[in-house]
Amino acid sequence: MQIKYSIIVLIYYVKKLGKFKLMTEIRFMDNYLISIVIPVYNAQDYIKQTIESLIFQTYKNIEIIIIDDGSTDSSSLICDFYENKDKRIKVIHQKNRGVQYARNVGIKEAKGEYIAFCDSDDYFRKDAFELINSMIVKYHSDIIGFGIFGNSREYDFQKEEEKYYSKIDIENSIFPILLENKMSESKSPSLCNKVLKKTLLENILQNIKVVIGEDLLYAKVCLYHAESVVLLKNKLYFYVINENSMTRSNRVFPTEGPLLMGNYLEKYIDLSKCDLRKQLYRLITHQLFVVVLSQYNSSQSYNEIKKKVRKTLEKEYYRNAILNCEYDGKNLKGNVAKILLKYKLYFFMFIIRKLY
C-alpha cells in the first residue's frame, strides 16, 4: 500500500513538473528576442541618449547591434563603453560604407526573430518594446508599425488603439498607397517606426548606392511581401531634428539615385498588381525632382549645373517616368514638379531651390 501511495505521489509531482515546464516554455515563447540595429556615424552628441533609451527599456529581452560606420569623432569610444557595460550590446566597427550597408551588416548579425531600427540621433519611449512584444504575442504579424514624435520629449498617453491588416487587407488598403498615389501620398517610408520579421529582410538585402531614401526601399518592399501588419496609434519613437543630418544639409545627391531605386523596386515588387507601375512613375519623378534641385547646391557655375541636369533628364528611364507620371489635378506641387522636369525649365528649378 505504501509503495502504491509513493508511486501515486511521484506521478503527481512528475505531472506537476511537466505542467510547470510547459508553462515556462509558453512564457519564454511570449518573450520574443527583438534585435535593434543602430548605424552610427559621427553621432557623439546624440548616441548616448539613443543607447540609454534602449538599455533602460521596461522590456529586457532585446539585443542592441551598433554598427560604427567609420566614425572619426568619439562615437566609437562611447559605443565601446556601453558594450562593456551591457552584455546585450554588440558593437561592430567598419570602414565608412554608408547607412544601408551598415544596416545590412546589422540584419545579418541579428539573432532576434524580429528586428527594429534606430537612427543614432533618435530614441525610443521607455515602454516601447513592451508594447511591441505584446502586439507580437497577440497577432504574430510580420510587421508592427507605430507612431513617431517630432522633436518633443513629451510622452503620448493617448488611448491604445490598434488595427490588424490581413494579406487581403494589405492589398486592398495599403497597395493603393504603397509607393505614391496621385496626391503624392504614400505609406510611411521609414524603417524606424516599424518592427519587422527578420525573414522579411533577409530575402531583400542588397547594397544599393542610394544616399537619400534608402530606408524607403526596404520599408515598402517589406510591406508588399508581408502576410499581415499591425499598426499602433501609440507614438513610440522620438525623431530628433538634427540640423547636420543628410536631408537638412546642402548636399548634391547622385543623379543615378532614382534609377537605382526604381530598379530595386522592380526587382522585388510585382508592378502588375494594383496600379503599382503608375505609382512607381510618380515615385521616380518625385525623387528625381529632389535630386535635380540638389544639383544647384553645387559650387559649379549655373551653366555647368544646367548641362549636368540636361544630361540627367535625357536618360530614357527618367523620360519614361516623367511622361507616364499622372498626378491629381489638385496636386499642385506634383504637377509643378512634373512640368518643370518635362519641359526642362532649369531657371525656375534654380529659383525654387534657392527659395526652398
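The largest nonpolar core of this predicted model comprises 99 residues, of which Phe129, Leu265 and Met349 touch the most other members. A nonpolar core is here a set of buried Ala, Val, Leu, Ile, Met, Phe, Trp, Tyr and Cys residues joined through side-chain atoms within 4.5 Å. Helix H10 (residues 276-295) gives the most to this core, contributing nine residues. With residues up to four places away in sequence left out, Met349 touches Phe289, Val292, Leu293, Tyr296, Leu313, Leu340, Leu341 and Lys344, contact meaning heavy atoms within 4.5 Å.

Local features require pLDDT of at least 70 and side-chain atom pairs pLDDT 80 or more, whereas totals for chains, interfaces and linings use all residues. Residues are numbered from 1 along each chain as its sequence is written, and side-chain values use heavy atoms, with hydrogens and water left out.

The chain holds 14 helices and nine strands, taken as DSSP runs (helices H or I, at least four residues; strands E, at least two) numbered from the N terminus. Of its 356 residues, 46% count as buried (under 20% relative accessible area, 1.4 Å probe, protein chains only). Among contacts between residues at least 6 apart in sequence, 83% join residues at least 24 apart.

Ile47 lies in helix H2 (residues 47-55) and counts as buried because its relative accessibility is 0%. Ile47 touches Ile38, Val40, Ile78, Cys79 and Ser120, not counting residues up to four places away in sequence. The C-alpha atoms of Ile47 and Ser75 are separated by 7.1 Å, with the two residues 28 apart along the chain.

In strand S6 (residues 143-149), six of the seven residues are buried. S6 pairs with strand S8 (residues 194-197) in the antiparallel sense over three bridges, pairing requiring at least two DSSP bridges between two strands. Ile144 has Val195 of S8 as its bridge partner. S6 and strand S9 (residues 229-238) run parallel and are joined by six bridges, and Phe149 stands opposite Phe238 in S9.

Helices H4 (residues 99-109) and H8 (residues 214-225) pack at an angle of about 45°, their axes 9 Å apart. Axes are lines fitted to C-alpha atoms over the stretch in contact, and angles run from 0 to 180 degrees between N-to-C directions. H4 and H8 are therefore oblique to each other, since angles under 35 degrees count as roughly parallel, over 145 as roughly antiparallel, 65 to 115 as roughly perpendicular and the rest as oblique. Val99, Gln100, Arg103, Asn104 and Ile107 of H4 meet Glu214, Asp215, Leu217 and Tyr218 of H8.

Conventions: Buried means under 20% relative accessible area, exposed over 50%, partly exposed in between (1.4 Å probe, protein chains only).
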